[in-house]
Amino acid sequence: MTFPEHLKYTKDHEWIRIDGGIGVIGITDYAQGELGDVVFVELPAVGKKVEFGQSFGTVEAVKAVSDLYSPVTGEVTDINKEIQDSPELVNKEPYERGWMIKVKLANAGEVKNLLDVEAYKKLIAK
Amino acid sequence: MKRTPFFSIHQNLGAKIVPFGGYEMPVQYAGIMEEHKSVRNNVGVFDVSHMGEFFAKGPNALSFLQKITVNDVSKLVPGKAQYSAMCYENGGIVDDLLIYMLAEHSYMIVVNAANIDKDWEWMKSHCPSDVGFENKSDVTALLAIQGPKSLNTMQKLTKADLSSIQYYNFVQSTLAGVDMIISRTGYTGELGFEIYFDVMHGEKIWTAIFDAGKEFNIAPIGLGARDTLRLEMGYCLYGNDIDQTTHPLEAGLGWITKLNKGDFIGKPVLEKAKAEGLKRKLVGMMLSDKAVPRHGYQIVVNGAHGGTITSGTFSPSLEKGIAMGYVNSTHSEVGSKLQVDVRGKLLDAAVVPLPFLKKN
């Protein structure tokens, strides 16, 4: 399992990469491994508001289903259409082509609530 | 928690291990989708040693089994196996099982892992004292080798002519130097075999089969893909689709329930249910939207509660959400429109014929 150092993580196993006020969000390598083969990802429409800690979609794997929780508050500016046709990208490239949504941050300060890579690794080691 | 003789092999293969029926079992190795396709396209091997094996012997073994199971055991001859079920007096299902006729007055009964103790107690309480009844579950290894390349794989290892064994028939022969029962049965809908042998030969047999199947890309298959494979065929799983609250007729198991064979436990209730007409039936459903129906989701008929999904999954072969569940007989016809409550959303579904996957 890999956990890139430049990302922030949630205790619900999402990651976020922040770049110029926009956060790119996906699920971690650990999360995709626990879920198994992803078959559908349900994402919000562009323009929709998402809230810190609230569900913004679902991931359906063959054996399990899981809610997706937003690491930040803001407005959805883009969704990954590629994973609608190729959901296996969430398993194969969770941090790259398997990303899920982009959010324009409403409150940049929220990011302080998130876990850094060391804290996240500790969480999943439990 | 018990372990099968293949436990360390599963660990070395990197399997994800889960508790199932009192055993630590592999749920997946490479992933459910890949394993599912290995079985549909090539050949896969399942460790199903957690299943229970009982042996009944003696001149009264036949009448014992006739009384306790719903299918007609008198139709068996040595070398033939039969799918059957046991019922309580009220018609509820104790377990579904296989009966193998090994020789005159000699039978093997194969039951679900989670039900071994319950079935043993139930059968024992109805077993005449002159029938030798033995539980060899802990010393019997069981592997299922399934898929279009299973015959080519297995034939390399035995002199027995496996191509001549018809579906639900078996031979007692030697494979890779080990005495075993080689049965043309399975839970996948594919060409395949199930082999029963002494646990002491576990590793030897596993290795021989994987060496023989290497050229066909043989793969180990976990319980996850076992479930998606059986569900595509509409096969019942005890604990999900059938249990003590369901009877064989409403579960679509009328074809194994021989009401004309003489007395058996549960028969009066089943006869009455049949005469009155079935109130509900187990049906197959397919969702029109992209979604995965799962065990426990509510079925909605005309805006009201219409039943519960007993088994549901994403079908890797059909790439659609498929499910089984009990609905009122008035809505059980193929084509009937239903809805499934998928996490708060009502999605359209229709009753479809079983099996979901049509094989040639």
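**Exercise 1. How many salt bridges are there between chain A and chain B?**

Before we start: this is a predicted model, where local features need pLDDT of at least 70 and side-chain atom pairs count only at pLDDT 80 or more, while totals for chains, interfaces and linings use all residues. Residues are numbered from 1 along each chain as its sequence is written, chains are lettered from A and ligands numbered from 1 in the order in which they are written, and side-chain values use heavy atoms, with hydrogens and water left out.

*Solution.* 
- Step 1: set the rule. A salt bridge is a side-chain nitrogen of Lys or Arg within 4 Å of a carboxyl oxygen of Asp or Glu.
- Step 2: apply it across the interface. You get four salt bridges between chain A and chain B.
- Step 3: look at an example. The side chains of B:K345 and A:E42 pair up at 2.1 Å, N to O.
- Step 4: Over all chains, the count comes to 18 salt bridges.

**Exercise 2. Describe the contact between chain A and chain B.**

*Solution.* 
- Step 1: collect residues with heavy atoms within 4.5 Å, which is what contact means here. Chain A gives 17 residues and chain B gives 19 residues.
- Step 2: get the buried area (the accessible area, 1.4 Å probe, that two parts lose on being put together, summed over both). For chain A and chain B it is about 1,400 Å², with 52% from carbon and sulfur atoms.
- Step 3: A:F40, A:V62 and A:K63 supply 43% of what chain A buries against chain B, more than any other three residues.

**Exercise 3. How do domain 1 and domain 2 of chain B meet?**

*Solution.* 
- Step 1: Domain 1 is 7-48 + 138-232, and domain 2 is 279-352.
- Step 2: take the centres over C-alpha atoms; they sit 31 Å apart.
- Step 3: list the contact, with eight residues from domain 1 of chain B and ten residues from domain 2 of chain B.
- Step 4: compute the area. The two domains of chain B bury about 740 Å² between them, 68% of it on carbon and sulfur atoms. B:M33, B:L231 and B:E232 supply 60% of the area on the domain 1 side, more than any other three residues.
- Step 5: check for salt bridges between these domains: the count is zero.

**Exercise 4. Work through salt bridges within chain B, starting with B:E215 and B:K156.**

*Solution.* 
- Step 1: recall the general idea. Side chains of opposite charge can pair when their charged atoms come close.
- Step 2: take B:E215 and B:K156, whose closest N and O atoms are 2.6 Å apart. This pair links distant parts of the chain, 59 residues apart.
- Step 3: check accessibility (buried is under 20% relative accessible area, exposed over 50%, partly exposed in between; 1.4 Å probe, protein chains only). B:E215 is exposed at 56%, and B:K156 is partly exposed at 45%.
- Step 4: move to B:R230 and B:D227, which form a salt bridge at 2.9 Å. Both are buried. They are separated by about one helical turn because they lie three residues apart in helix α7 of chain B. Helices here are DSSP runs (H or I, at least four residues), numbered from the N terminus.
- Step 5: join bridges that share partners. A:K63, B:D227, B:R230 and B:D241 fall into one network.

How values were computed. Domains from an automatic or database assignment. Helix = DSSP H or I, 4+ residues; strand = E, 2+ residues; numbered from the N terminus.
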